[in-house]
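Please keep the sequence and the structure in view while reading the points below.

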Amino acid sequence: EDVWKGLVALREEGLTRALGIAPGPANGFTLDVLTCLERFGDEIEWAMLILGPAEPWPGRLVLEACVQHDVRVLTRVTDYGGAFWGDLAPATPMGDWDHRRFRPDGWIERVEPLLRAVREIGAARGLTPMQVAAQWTLAQPAVHCVVPTLIEEMPAPEGVDAPAPRPIAEKRAELAA
């Protein structure tokens, strides 16, 4: 409660225009978000949630509460760690610093059936998989903004079957389109 009083004071002093929450995906995520909304929902303008077609859970569990408290949602990782951009494969190297290394083994392979379906949907509508993922996410209740992962993948060593990395500027242009 003291933290929220302090945050509200910062807003009242003009040091910020909006207050929000950005819970991590760790244990207790849903209850943490719901508790914040129940206790401090009148003070919260934004919630940053992990949400996208490949990771609808647990973010979708709190969307209705965000609507009820008039909290706008900004989503991150809509692209499932880069998988929807088309330049990530199991053989794509990731540096020791890459946060995606914390995902469970096989995460890229497991999303492939969904990506095939998304590619079909997109092809019928003139959209890329990332654009379909963004549209799906923006269609969810309370979602006002989509922020995917923007990483220029590392090139695979010669002889390794992996797509060529796409420049971030190209990905930004695709998202903007």
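A nonpolar core is a set of buried Ala, Val, Leu, Ile, Met, Phe, Trp, Tyr and Cys residues joined through side-chain atoms within 4.5 Å. In this predicted model, the largest such core has 20 residues. The protein chain as a whole has 177 residues, of which 40% are buried.

**Overall architecture**

- The protein chain contains 6 helices and 4 strands.
- Read from the N terminus, these elements follow the order α-β-α-β-α-β-α-α-β-α.
- Taken along the principal axes, the C-alpha atoms occupy a box of roughly 60 × 40 × 30 Å.
- Among contacts with a separation of 6 or more, 70% are between residues 24 or more positions apart.

**Nonpolar cores**

- In soluble globular proteins, nonpolar side chains tend to be buried together.
- Within the largest nonpolar core, the residues with the most contacts are V33, L37, I44, L49, C66 and V73.
- At least two residues of this core come from each of α1 (2–12), α2 (29–40), β2 (46–50) and α3 (63–68).
- The element that gives the most to this core is α2, with 4 residues.
- Not counting residues up to four places away in sequence, V33 touches I21, P23, L49 and V62.
- Another core, of 16 residues, lies apart from the largest one and includes A83, W85, L115 and V132.

- Helix α5 covers residues 129–138, and its buried residues are M130, Q131, V132, A133, A134 and T137.
- The cover over these buried residues includes β3, α4, β4 (143–147) and α6 (168–176).

**Aromatic pairs**

- A pair of aromatic rings is described by the distance of the centres and the angle of the planes.
- The whole structure holds 2 aromatic pairs.
- W4 and F40 form a stacked pair, with 5.2 Å from centre to centre and 20° between the planes.
- This pair links distant parts of the chain, since W4 belongs to helix α1 and F40 to helix α2, 36 residues apart.
- Both W4 and F40 are buried.
- Y80 and W107 form an edge-to-face pair, because their planes stand at 70° and their ring centres are 5.4 Å apart.
- Y80 lies in the loop between β3 (72–76) and α4 (107–125) and W107 in helix α4, so this pair ties together parts that are 27 residues apart in sequence.
- Y80 counts as buried at 11% relative accessibility, and W107 counts as buried at 6%.

**Cavity and pocket**

- A search of the whole structure finds 1 cavity of 30 Å³ or more, and the space in the largest cavity is about 30 Å³.
- The lining of the largest cavity is formed by P93, M94, W97, D98, R100, I151, E152, E153 and M154.
- By class, this cavity lining has 5 nonpolar, no polar and 4 charged residues.
- The second largest pocket has a volume of about 200 Å³.
- Of the 13 residues lining that pocket, M94, R100, R101, D105 and W107 are the closest to its centre.
- The lining of the second largest pocket has 6 nonpolar, 2 polar and 5 charged residues.

**Loop residues and backbone geometry**

- Most residues other than glycine have a negative phi, and most peptide bonds are trans.
- A cis peptide bond joins W57 and P58, with omega at about 5°.
- P58 is located in the loop between β2 and α3.
- V77 is not a glycine, yet V77 has a positive phi of about 60°.
- V77 lies in the loop between β3 and α4 and is buried, with a relative accessible area of 15%.
- Y80, also in the loop between β3 and α4, has a positive phi of about 55° although Y80 is not a glycine.
- P90 too has its place in the loop between β3 and α4.
- Why does P90 count as exposed? P90 has a relative accessible area of 52%, and exposed means over 50%.
- Leaving aside neighbours within four places in sequence, P90 is in contact with I108 and E109.
- The C-alpha atoms of P90 and V146 are separated by 25 Å, and the two residues are 56 residues apart along the chain.

Key:
Residues numbered from 1 in each chain as written. Predicted model: local features only at pLDDT ≥ 70, side-chain atom pairs only at ≥ 80, totals over all residues. Heavy atoms only, no water. Buried < 20%, exposed > 50% of the residue type's maximum accessible area, 1.4 Å probe, protein only. Contact = heavy atoms within 4.5 Å. 1 Å grid on protein atoms, 1.4 Å probe; cavity = no way out; pocket = protein on both sides within 12 Å on 5 of 7 lines; lining within 4 Å. Points joined across faces, edges and corners; volume = space filled by probe spheres on them. Nonpolar A, V, L, I, M, F, W, Y, C, P; charged D, E, K, R; others polar. Phe/Tyr/Trp six-rings, centres within 6.5 Å; stacked < 30°, edge-to-face > 60°.
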